[in-house]
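Please find below a colleague's note on the model shown here, written for someone who has not looked at it before. The points go from the whole chain to single elements and then to charged side chains.

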Amino acid sequence: MSRRAPMTSRIPLKDAHAQDLMRKAGRVVALALAKIGDMVRPGVTTGELDAVAEQTIRGLGAVPAFLGYNGYPATACISLNEEVVHGIPGPRVLAAGDIVGVDLGAIVEGWYADAAYTFAVGEVSETARHLMAVGQQALVMGIEAARVGNEVRDIGGAVQRYAEAHGASVVRDLCGHGVGQKLHEEPQIPNYLTRNGHIPLVAGMTLAIEPMLNAGGPRVRLLSDDWTFVTMDGSLSVHYEHTVLIREDGPEILTALR
C-alpha cells in the first residue's frame, strides 16, 4: 500500500528474528497474490478476488494488513485500468482487456509484508502490455539499486530512468515506504530522483519498493471515496511492489514465491 503523508520517526533495523517473521509474512502475501492471479478472468468481480485474498491470508495463519487500516474496508486494494492504487473491491466485474492491480499485505506475529502485481484480464492492448512490462522491469531496477552503499534516492532514480526511457511516466504524489512492525515506516521511497533522500541504505532495512507508472502523464487525483487514486488524463496505470530486505550481500525479496 503506497504512502502519501510524511513520516517522521527514525528508521528501524530488523534483527534475524524479525527478518524471519517478515519472510513468513512475505510468503503469505506471495501465495495470496498467486491465488488471485489464478482467478483473474472476465466475469469475476473485484469483491470475489478480495474474498479469496482474505480467505488465503487467514488460512495461512496470518492477518490481513489492510483490512481496517485507517478505515480501509477490504483485504486487498484492487485497481482497474486508469485507477492507480487503493481501489476498493466490490461488485465491479472484470472484462476482457482490463488490467487489474492487486495490492496486498499480511501480518505474522506483528510483522508486516506488502506487495502488488498488475494482471492482464484476457487479451489486452499493446499499450497495456508495454506498460506492464515496463512496470515490472522498473521494479527490478529499483530493487537492484537497493544495496548497501547506495542511498534511498538511488532506488527512485533507477525506477525513473528506466520508466521514462521506455515511455512511461512516474507518479509523484505517492511513494514506497519502509515496512516492519508498522505497515508504513520511514523512509519514504519516491519513484523518481529527488534532491533529498540522502539516506544511506544499511543492512537490516526493510523497504516496500513500489513503482506506479502511467501510460500518459504523471498527475493523479483522488476520487470521492477518499481512497482511490486515478490518472488525471484517464490513461492506464500499473503498480508493482515487493518488500525487500537490505543485506550486506545484496537485496532479498521477501514477497517472492519460494
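1. Basis of the note. This is a predicted model, in which local features need pLDDT of at least 70 and side-chain atom pairs count only at pLDDT 80 or more, while totals for chains, interfaces and linings use all residues. Residues are numbered from 1 along each chain as its sequence is written, and side-chain values use heavy atoms, with hydrogens and water left out.

2. Overall dimensions. The radius of gyration of the protein chain is 17 Å, which agrees with the value near 18 Å that a compact globule of 258 residues would have; the radius is taken over C-alpha atoms, and the globule rule is 2.2 Å times the number of residues to the power 0.38. Along the principal axes, the C-alpha atoms fill a box of roughly 45 × 40 × 35 Å.

3. Composition and contacts. The protein chain has four helices and 15 strands, where helices (H or I, at least four residues) and strands (E, at least two) are DSSP runs numbered from the N terminus. Of the 258 residues, 56% are buried; buried means under 20% relative accessible area, exposed over 50%, and partly exposed in between, with a 1.4 Å probe and protein chains only. Among contacts (heavy atoms within 4.5 Å) between residues at least 6 apart in sequence, 71% join residues at least 24 apart.

4. Strand β9. Strand β9, residues 206-209, is covered on both faces, with Thr206 and Ala208 buried on one side and Leu207 and Ile209 buried on the other. Strand β9 runs antiparallel to β7 (residues 176-178), to which two bridges join it, and two strands are said to pair if DSSP finds at least two bridges between them. It is also antiparallel to β14 (residues 242-247), here with four bridges. Leu207 takes part in both pairings, as the bridge partner of Gly178 and as the residue opposite Val244 in β14.

5. Helix α2, length and sides. The 14 residues of helix α2 (residues 46-59) should span 20 Å at 1.5 Å a residue, and the end C-alpha atoms are 20 Å apart, which agrees; the expected span is 1.5 Å times one less than the number of residues. Its buried residues are Thr46, Leu49, Asp50, Val52, Ala53, Thr56 and Ile57. They cover an arc of only 160° around the axis, so they lie on the same side of α2, the arc being that of the directions from the helix axis to the C-beta atoms. An α-helix has 3.6 residues a turn, so residues three or four places apart point the same way.

6. Helix α2, surroundings. The buried residues of α2 pack against α1 (16-39), β1 (63-64), β2 (77-80) and β4 (99-108), whereas Gln55 and Gly59, on the other side of α2, are exposed. Just after the helix, Gly61 takes a positive phi of about 85°.

7. The structure holds nine salt bridges, each defined as a side-chain nitrogen of Lys or Arg within 4 Å of a carboxyl oxygen of Asp or Glu. In one of them the side chains of Lys24 and Asp20 meet at 3.7 Å, N to O, and these residues both lie in helix α1, four residues apart, about one turn of the helix. Lys24 is partly exposed at a relative accessible area of 43%, and Asp20 is partly exposed at 33%.

8. Arg23 forms a salt bridge with Glu252, with the closest N and O atoms 2.7 Å apart. This pair links distant parts of the chain, Arg23 being in helix α1 and Glu252 in strand β15 (residues 250-253), 229 residues apart. Glu252 also forms a salt bridge with Arg247, where the closest N and O atoms are 3.3 Å apart. Arg23, Arg247, Asp249 and Glu252 are linked in a network of salt bridges. Within it, Glu252 counts as buried at 13% relative accessibility, while Arg23 counts as partly exposed at 22% and Arg247 counts as partly exposed at 30%.

9. The β14 and β15 hairpin. Strands β14 and β15 pair in the antiparallel sense over four bridges, and a hairpin joins them through two residues. In this pairing, Ile246 stands opposite Pro251 in β15.
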